[in-house]
Amino acid sequence: MTMNGARNAGETLLEIRHLEKRFGGVKAVADVTMDLRAGIVTTLVGPNGAGKTTLFNLITGHLPRSGGSVRWLGRDIGGLKPYQIARLGIARTFQDLRLFSEMTVEENILTVMEPNALPFRLSGPPLKERRARAGHVLERTGLADKRAVRAMDLAYAERKFLSLARIMATDARLWLLDEPASGLDPHSYELFLALLREEVSAGVTVCIIEHNLDIVIGISDRIAFLDHGRLLADDDPKTVLEDPALAAIYFGDRS
Amino acid sequence: MEAYLLNLGVLISLYAILAVTLNFIMGYAGIYSLAHAVFFGTGAYAGASVALNFSASIFVMVPTAMLCAAALSLLLALPALRVRGEYFVAASLGLQVLAVTVFAEWKAVTGGIGGLIGIPPVDIAGFEIYSPGSFFILSLVTLAAVVAITRLLVRSSFGRSLKAIRDSESAALAFGKNIALIKTTSVVISAALAAIAGSLYAAYMSFINVESFMLDTSVLIMAMVIIGGTGTQLGPIVGAALLLILPGALSYLSFLPQTEIGSIQQILYGLGMAVLMIFRPGGIVGRGRAETGEGEA
């Protein structure tokens, strides 16, 4: 049932060192040091406002960092623009999805395979192959019969799956997933977990922000616990979940 | 009457080219430009200068006009596209104001306020196109070509990138889109295609001056796009036809005081635009309000 345990961690993909983000006087991310290693599912947990999404934004370059460094396969990616970081193989989803809402489901998938698109210039594999791959991804995410529907016209769970389908269509090695399963009904949730497991065993490395403890336990190889921008723990799930001090913070009991 | 209709047909076709090319950036890239008349004017002055001094051949005049407008649009796009949407509107307004001054003052090239006169008719492989009938056909064919080019672009991977950026810049970035490059490219294409209308306009009128390329022309082109339907294929053409037919049609309504026809026209435009935006924000050809939806995704 779980992905935990018996897999060997591969090379270090992402090295985060003393990463810091200040908004005015507030440290949203403070001195975070952690590694994301190939094949490992890391779950970021922590109360709202702990800095989880900010950490993602710092990794992908959507926010400039205030200090520290981020290295991808040994290379400092701190000064790169978000699109350059994406092209290195780091893909992400957004908590509020940010689908290409007026485009059709199929267009949403096609366009993520076409980052270099300039007029009348072929980018990536030919359109026929891109279409086939989009069809395959939509089949797996249960969206095959919605391919001509505009993203904004999809139901809630379908939007969540389109967000996942978009990332599945990339060749990214590292996925940063921001609450991808929140609000899913039990059936969709099982489908989501099954898809994630397939992708992980196919070689994708995942870092996921999640609140639902069942999901956290069900998929994590490691749990990183953030609070007030600080990394309080980064360990195997059992150790983190059984720490009474962390549980107290997580469940809001700070007395 | 026939000459009147042909003249109207030529103007509708040329303005439809302008509306289609503005819609290309407004509707698909989400770039709202109030400087489209600048590229119309640049095309007109460049085409006219080439025709007056060098060759009136369409194969010389039009490409030169396109190149000049494309180069000028880079000046606008490179700094302005680094800022967010509403600031681009302000930047384009700045370019429009600046350009009117240059058009009016740079006597050596634009003839100053007096403009350029005696522009020769356009020449296609030795045939001079000056009768309204043949020019109408030329402008229709050109419109069809511009529509075909923009349609092809919109449906290509480039068009999907434009729409992705319009729908969510941060997501487009997260999927590797070089937003500045893609937006700049779209502005350059739009300006170059608008310049085709400019150079044909100069050859058709045989006289141009700054008054055709001022802010009210930019606003008129934008109104054509919005009224017809932003982001639709047919909308800009419908909008151009409607806004150019309306003044003439009004003068046929004999119960209206003919001396006040200009003011009545302005009141009708204003009212029509306000009512349309309230009840049909997608434009005449666009989707109705019920369908446009405000999904948060």
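Select α5 of chain A and colour its buried residues: A:Ala157, A:Arg159, A:Lys160, A:Phe161, A:Leu162, A:Ser163, A:Leu164, A:Ala165, A:Arg166, A:Ile167 and A:Met168. Buried means under 20% relative accessible area; exposed means over 50%, and partly exposed lies in between (1.4 Å probe, protein chains only). Helices (H or I, at least four residues) and strands (E, at least two) are DSSP runs, numbered from the N terminus.

The model is predicted: local features need pLDDT of at least 70, side-chain atom pairs count only at pLDDT 80 or more, and totals for chains, interfaces and linings use all residues. Residues are numbered from 1 along each chain as its sequence is written, chains are lettered from A and ligands numbered from 1 in the order in which they are written, and side-chain values use heavy atoms, leaving out hydrogens and water.

**Stop 1: around α5**

Stay on α5(A). Of its 13 residues, 11 are buried, so the helix is largely enclosed by the rest of the structure. What covers those buried residues? Show β6, α3, α4, β7 (174-178) and α6 (186-201) of chain A, and α8 (169-174) of chain B; the cover includes these elements. Now check the length of α5(A). From first C-alpha to last, the helix reaches 19 Å, close to the 18 Å expected at 1.5 Å a residue. The expected span is 1.5 Å times one less than the number of residues.

**Stop 2: where the chains meet**

Show both chains. Contact (heavy atoms within 4.5 Å) takes in 34 residues from chain A and 30 residues from chain B. The size of an interface is often given as the accessible area lost when the parts come together. Here the area buried between chain A and chain B is about 2900 Å², with carbon and sulfur atoms giving 61%. Buried area is the accessible area (1.4 Å probe) that two parts lose on being put together, summed over both.

How many residue pairs are in polar contact across the interface of chain A and chain B? The rule finds 10, both residues at pLDDT 80 or more. A polar contact is a pair of N or O atoms within 3.5 Å; within protein, one must be able to donate a hydrogen and the other to accept it, and residues adjacent in sequence count only if both atoms are side-chain atoms.

Next, highlight the side of chain A that touches chain B. α2 (82-88), β6 (90-92), α3 (105-112), α4 (127-140) and α5 (156-168) of chain A each supply at least two of its residues. By class, this side has 18 nonpolar, four polar and 12 charged residues. Ala, Val, Leu, Ile, Met, Phe, Trp, Tyr, Cys and Pro count as nonpolar, Asp, Glu, Lys and Arg as charged, and the others, Gly among them, as polar.

**Stop 3: bridges between the chains**

Side chains of opposite charge can pair when their charged atoms come close. A salt bridge is a side-chain nitrogen of Lys or Arg within 4 Å of a carboxyl oxygen of Asp or Glu. Between chain A and chain B the count is two.

Select B:Arg160 and A:Glu114. Their side chains meet in a salt bridge (2.7 Å, N to O). The pair runs from helix α7 (residues 157-167) of chain B to the loop between α3 and α4 of chain A. Are B:Arg160 and A:Glu114 buried or exposed? Both are buried.

Then select A:Glu107 and B:Lys163. They form a salt bridge too, with the closest N and O atoms 2.8 Å apart.

**Stop 4: bridges within chain A**

Over all chains, the whole structure holds 21 salt bridges. Pick A:Glu106 and A:Arg131, joined at 3.4 Å, N to O. A:Glu106 is in helix α3 and A:Arg131 in helix α4 of chain A, 25 residues apart. A:Glu106 is buried at 15% relative accessibility, while A:Arg131 is partly exposed at 39%.

Move to A:Arg22 and A:Glu20. Their closest N and O atoms are 2.4 Å apart, in a salt bridge. Then find A:Glu15, A:Arg17 and A:Asp35, linked in a network of salt bridges.

**Stop 5**

Select A:His18, in strand β1 (residues 12-23) of chain A. Its phi is near 50°, positive in a residue other than glycine. A:His18 is partly exposed, at 48% relative accessible area.

Now jump to A:Glu179, in the loop between β7 and α6 of chain A. A:Glu179 also has a positive phi, about 50°, and is not a glycine. A:Glu179 is buried, at 11%.

**Last stop: B:Ser212**

Find B:Ser212 in the loop between β4 (207-208) and α10 (215-228) of chain B. At 15% relative accessibility, B:Ser212 counts as buried. Its side chain makes a polar contact with the side chain of B:Tyr201 (3.3 Å).
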